[in-house]
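Subject: Structure handover

Hello,

Please find the structure below. My notes on what was found follow directly after it.

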Amino acid sequence: MDQLIAPLDQGWRVCRMGPDVSGSDDIPAVADTALPALANGTRQREATSAWHTVPFRGRHDISHALAGERLGPSDVEACPRLPEVALLVDALRRDHAVVLNGDSGCGKSITAYQALSDLLEDGYEVLRLRDDARKRGLRQWMADLSLYPHRKALLVDDAQDLPADLVRELAETATADQLVLVVGVDHVAGGVTTYRISNIAAVGALARDMRERADEILPKIRALDDFVGNLAGDEPLMNRIEEASTKDSAWLFFYTLTGGWRRTERDALDLRGHDRADLLLLALAIAQIAGVDAGVTTDSLAPYARQLGRDRAWIDRSLAILRDKRLITRNDGVLRCAHLRSAWALIRWMLHPPRYSHTPPQPVTIPPIASAAETPAPPLPPPIRRTERPRAVLPDHHVEADRKTAAAFFRLTLDSPHTPLRGAAWLIGRNHDSESRWVLNQYDVLHRPRIHALAERALATPAGPDAAMAAQLLENLLSPYEDDCLDLIRDHHGRVLEWVRGVTPENGWAIGDLINALANDDRAFTEKLLADVDPHALARLIPDGGWPHVYSTTRAVDRITQAAGMPLITRVGHAYDPEAFHALAANPPADIQAVDELLSVLAYTQRDLGLEVFNQLTPHLATAISRNPPAESQKMFRTWAFLLGFAPHFLRGRHVPDPAARRLAKKFVRTLDADRFARTLSHPAADLTWENFCGFVEAMKEIDPTSVKTIVSRIDVAELAAEFEQSLPTPSRCHLYAVEVLREHRPDEAQELLERFEARYAAIDVFLAYMAPKMTIRLLRRGLPLDLRLRSHDWEIAATVVDSIAAHDPHTASELAEANRPGFIAGLSSKSTDPFEDLSAWIRASDKHAPGLVDEVLRQLPADAATAWASELRKKDRKREIAPLVHRAAASDGPAAAEAHELIRRFPSLQRQGKEPSP
């Protein structure tokens, strides 16, 4: 052994260990004793360090996400990956420091862990800042990193409570061997590459993944909500996924998918029997929100317990119960509800908001045509859905007691000087529906004196880093309580103007939102307030903040200029430095939604500059969109819709894109990857992301038909047919749209694809009928109904379909129009917004193919249906659509006759029209 060590002793500092060693650096002990003692010291230092190693061991299944629990390293394999994961990995490798922002429950934390798990392969050790170390400061954070000498990736989650300067200073320590990832709610500012989770794309990705994993997840969902299933009376899983896909965050998607409202009620009711442990959970939920999700200490729950006359022993007993039931987590000495969103769900339950009964409109059933060869038997009445969502109803005195306790906790928290301004803003303004807010108002939580006290506290904040929190609180007070708050803001308008003049990239988002709320409540006051704002300062804001702050700076410029009106919009546009914007475009972010934010502001403040920047960014944008056309194209909606002018027709009316925009748009479309788009169209999906993608393809068809023809030539019809078959027996609109795109340039193949599955259709979609009228006639004769969607006011396409069927079989067209009489009546009786666009097209088709139908429908209109037409008669374009029906209704003998005569009396122009000879 001495012969081995001796050569090292000449160039290294060697420490020997053994019972007989005696050197100054030697350890006179056997290894079994000495090594554990050495390791124990290291362990103790690591245990008190500001950082802890994130262990990516253990693998949960999807159950944790389904249950709405806080997700962590053990969930990275089970959870679907959002597009932002790859963006984060690339940005961390390239830029070393990244900020990830997003709303609560959007999937930020799991996205961060998934990205960091990928970096393990690069040799990085992942370290997370402990919750109890947030106040130690950057110097101590950096000192503690000496315990981790290898390559490392630092994670700071829930960073919304950290000062912007601290986040920036941490980001500045990033190197290739020390990566920094900061995650937070709202707008955490770090002065580095910043991404924001797209809620729409996240929910779309989850819905698609859950559909593909239906067999796997159904038993897990039934374990959480046994109302979902495939037995008689159950709610089908696909229906629940469809409902969940309408929600605006990943957490709410899973909450809806698994009937989370039932679990919240069950948990709260169960805890009542444990010495009212539910009240401690309520206190923790309110404190967690007021602390902007930074965590709650056991000591901070004491004031809430005293409010109830409870002691520390009750707190400890209740916390033990809550932990046993996995309703709270404890990490680094701080407590949280299982998720921030679950805290809100519990608060809503404990407020017991009033419930209002709502009778949904009766469904409109369209029968088969009268001459159908196989008239199906009348459908059995649907089974009573077990998922009518029965809610627990407590005795009135229990409801009253819960409301009083919740209100007392709110008052205690809002009146505390220790509640940060942003926490107060979260507590009063975030996630409250109107019914919950009504309870808070009834129990004097947000009465005039408290609103004034909170507003005065906000208005005492000078311009600077804290102005964002103050503005956010004011905006949340102003929106629902303008009568109590607006006069106070007018009296302190100098402070608001000081914030606007001192707006920075870090606080621009909040100040912009406040100005927007002010303009909504008092436009004249806001315009006067902003009359002397320096346009040059606003014009510099976006370039000064760069891409890391673009979500904040664009919101500030947008809200402030829109509130001030055209004079400031024009001055800001003239004050822009084009070179600064071109410099931004020279180093574009991977997150193209950030580009859309910029271009959407330039679209109205300096459109020519916006077009120049778009042209400069065309290769970058085309590459990004081509990577994932459905998900990425919707991130650029405002650019192609408003800057270029190719918005859907219902948004742009008669506006026609100008030649300059057309040229740039054509260049952009021709830069897209035709093969990627062809593959995408070969694999349609029934989700919102793909529905939005259909709108983008429609714009492409208008911009450059030649490029679209090239794309269509490369569609793999065999793959499209396989996807289409999977959607049977009722193909989705997205699948039908993909076939329609194929049909425009390869009609025979599209027709063959549709007719290949003729025997398997269970219903006829109006889109299918539009593409294949001959096959539709055969399906109608077979007994399948065709709902022309007249109740939804799809008048023009209904007319087109009936016309196309009449070209082959006039009798069937007449019967089809007659079969849709129930939808026609419902459509004319609707009180929805703008129900009569293109109505004249359907009236013409009906009179041509089914004479007498229109007059018979007018006779059958229910009471008050014609009276509701008055609002449409005030619109010039819609008046031309509905006015002829008013006179025809007046000549009928149903309830609409008297109502039509009254309309003619009220609107003199109708009287003149009635006297004019018919054309």
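Strand S2 and strand S6 (residues 193-196) pair in the parallel sense through four bridges, where strands are DSSP runs of E with at least two residues and helices are runs of H or I with at least four, both numbered from the N terminus. Pairing requires that DSSP finds at least two bridges between two strands. Opposite Thr193 of S6 stands Val98. S2 (residues 97-102) is also joined to strand S5 (residues 178-185), again running parallel, by six bridges. Within S5, Val183 is the bridge partner of Leu100.

Before going on, note that this is a predicted model, in which local features need pLDDT of at least 70 and side-chain atom pairs count only at pLDDT 80 or more, while totals for chains, interfaces and linings use all residues. Residues are numbered from 1 along each chain as its sequence is written, and side-chain values use heavy atoms, with hydrogens and water left out.

Six of the six residues of S2 are buried (under 20% relative accessible area; exposed is over 50% and partly exposed in between, with a 1.4 Å probe and protein chains only). In a regular strand the side chains alternate between the two faces of the sheet. Both faces of S2 are covered, with Ala97, Val99 and Asn101 on one side and Val98, Leu100 and Gly102 on the other.

Helix H30 (residues 592-605) is largely enclosed by the rest of the structure, because 13 of its 14 residues are buried. Its end C-alpha atoms are 20 Å apart, which agrees with the 20 Å that its 14 residues should span at 1.5 Å a residue; the expected span is 1.5 Å times one less than the number of residues. At the start of H30, a side-chain oxygen of Asp591 comes to within 3.2 Å of the backbone nitrogen of Gln593.

Next, the nonpolar cores. Such a core is a set of buried Ala, Val, Leu, Ile, Met, Phe, Trp, Tyr and Cys residues joined through side-chain atoms within 4.5 Å. The largest has 230 residues, and Leu788 and Trp842 are among those that touch the most other members. Its largest share, twelve residues, comes from helix H13 (residues 277-290). A second, separate core of 52 residues includes Tyr195, Ala214, Ile221 and Ala590. Leaving aside residues up to four places away in sequence, Leu788 has contacts (heavy atoms within 4.5 Å) that include Val766, Leu816 and Trp842.

The structure holds 67 salt bridges, each a side-chain nitrogen of Lys or Arg within 4 Å of a carboxyl oxygen of Asp or Glu. Asp809 and Arg781 form one of them, at 2.2 Å from N to O. Asp809 lies in the loop between helix H44 (795-806) and helix H45 (810-819) and Arg781 in helix H43 (residues 773-782), so the pair ties together parts 28 residues apart in sequence. Asp809 counts as buried at 12% relative accessibility, whereas Arg781 is partly exposed at 40%.

Another salt bridge links Glu902 and Arg905, with the closest N and O atoms 2.6 Å apart. These two residues are three apart in helix H51 (residues 896-906), so about one helical turn separates them. Glu902 is partly exposed at 33% relative accessibility, and Arg905 is exposed at 52%.

Finally, a network of salt bridges links Arg70, Arg128, Asp131, Arg134, Asp158, Asp161, Asp293 and Arg336.

Regards

Technical notes:
Polar contact = N/O pair within 3.5 Å; in protein donor to acceptor, adjacent residues only side chain to side chain.
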